Amino acid sequence: MSRLTTEERDDLKLWARIHVRGGYEPVEEIEEILLDLSEEFDSPLSERDRQTEVRSAVIQAIEVLREEQVGWPVLTDFDRLELAFDMLEDKDIVARQNFTCCGTCGAAEIGIEIEDFESFGRAARGYVFFHQQDTESAVETGNLYLSYGAANNNADVVFLDIGQEIHDTLKAVGLTVHWDGQLEHRIGVTMDWQRRWEGAIPKPMKRWPF
């Protein structure tokens, strides 16, 4: 039976770690993502063997995370981030986490989220989001960057007012925020990405008896 190289297995463990700790996809989706990524490997694995390697990497990532989170504080930086996003929604600023794959897609699609928000009879004043690549960066580096803007007014001063309100809300919940008040700069948050894993651990794949 063919095996992954050490480098390939390390890559698989890294991807599993990022997606498990990011916490936005269920186990089944994480495994599908890793299976797609593993198709680029040079090792000639059968589909069954790839599934086994992927499942093993995901299980290990979850087990390590669950051991770590036992020692975390009651209120983590991620909890504070979620609180801040809830507060911003209460202030009619549409707040989305892990939204689309990248900034370009996020900017193109946030208007749909604003329309959905306003369909409930509330007028959105602005928006804030971070995308999937931002999540991955935050998990690995502890630095998260937020895109923001005004909902229905292109005036720079309105954009900056929304940015300042987001900045102040993040600080109010105890996060470390970096922003110079410049329109073209995203709002940065330095944080420990400590998101608890609350789901089950998948069962190991049974290997064929040969």
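# Helices, salt bridges and loops

Me: Is Asp180 buried, exposed or partly exposed, and what is its relative accessible area?
Reply: Buried means under 20% relative accessible area, exposed means over 50%, and partly exposed lies in between (1.4 Å probe, protein chains only). Asp180 therefore counts as partly exposed, with a relative accessible area of 46%.

Me: Which pLDDT do local features need in this model?
Reply: Residues are numbered from 1 along each chain as its sequence is written, and side-chain values use heavy atoms, with hydrogens and water left out. The model is predicted: totals for chains, interfaces and linings use all residues, side-chain atom pairs count only at pLDDT 80 or more, and local features need pLDDT of at least 70.

Me: How many helices and strands are in the chain?
Reply: Helices (H or I, at least four residues) and strands (E, at least two) are DSSP runs, numbered from the N terminus. Along the sequence they follow the pattern α-α-α-α-β-α-β-α-β-α-β-β. The chain has 7 helices and 5 strands.

Me: What share of the residues of the chain count as buried?
Reply: The C-alpha trace spans about 65 × 35 × 30 Å along its principal axes. The chain has 210 residues, and the share that count as buried is 44%.

Me: Among contacts between residues at least 6 apart in sequence, what share join residues at least 24 apart?
Reply: Contact means heavy atoms within 4.5 Å. Take the contacts between residues at least 6 apart in sequence; the share joining residues at least 24 apart is 69%.

Me: Where is Asp180 found, and how far apart in space are Asp180 and Gln164?
Reply: Asp180 sits in the loop between E4 and E5. Asp180 and Gln164 are 16 residues apart in sequence. In space, C-alpha to C-alpha, they are 9.8 Å apart.

Me: At what angle do H1 and H2 cross, and how is H1 oriented to H2?
Reply: Axes are lines fitted to C-alpha atoms, for helices over the stretch in contact, and angles run from 0 to 180 degrees between N-to-C directions. The axes of H1 (residues 6–22) and H2 (residues 27–38) come within 10 Å and cross at roughly 150°. That makes H1, relative to H2, roughly antiparallel (over 145 degrees; under 35 is roughly parallel, 65 to 115 roughly perpendicular and the rest oblique).

Me: How do the residues of the contact of H1 with H2 divide by class?
Reply: Leu12, Trp15, Ala16, His19 and Val20 in H1 meet Ile30, Ile33, Leu34, Leu37 and Ser38 in H2. Ala, Val, Leu, Ile, Met, Phe, Trp, Tyr, Cys and Pro count as nonpolar, Asp, Glu, Lys and Arg as charged, and the others, Gly among them, as polar. The division is 8 nonpolar, 2 polar and no charged.

Me: How are H2 and H3 oriented to each other?
Reply: H2 and H3 (residues 47–69) pack with their axes 10 Å apart, at an angle of about 130°. The two helices are therefore oblique.

Me: How many nonpolar, polar and charged residues has the contact of H2 with H3?
Reply: H2 brings Val27, Ile30, Glu31, Leu34, Leu35 and Ser38, and H3 brings Arg50, Gln51, Val54, Arg55, Val58 and Ile62. By class, that is 7 nonpolar, 2 polar and 3 charged.

Me: How many salt bridges does the structure hold?
Reply: A salt bridge is a side-chain nitrogen of Lys or Arg within 4 Å of a carboxyl oxygen of Asp or Glu. Arg96 forms one with Glu89, with the closest N and O atoms 2.6 Å apart. Glu89 is buried, at 19% relative accessible area. The number of salt bridges in the structure is 12.

Me: How many residues apart in sequence are the parts that Asp92 and Arg122 tie together?
Reply: Asp92 and Arg122 form a salt bridge, with the closest N and O atoms 2.7 Å apart. Asp92 lies in the loop between H4 (77–90) and E1 (93–96), and Arg122 in the loop between H5 (103–118) and E2 (126–129), so the parts tied together are 30 residues apart.

Me: Is Asp134 buried or exposed, and at what relative accessibility?
Reply: Asp134 and Arg186 meet in a salt bridge (2.6 Å, N to O). Asp134 lies in H6 (residues 132–141) and Arg186 in the loop between E4 (176–178) and E5 (187–190), so the pair ties together parts 52 residues apart in sequence. Arg186 is partly exposed, at 31%. Asp134 counts as buried, at 7%.

Me: What is the phi of Thr100?
Reply: Thr100 is in the loop between E1 and H5. Thr100 is not a glycine, yet its phi is positive, about 65°.
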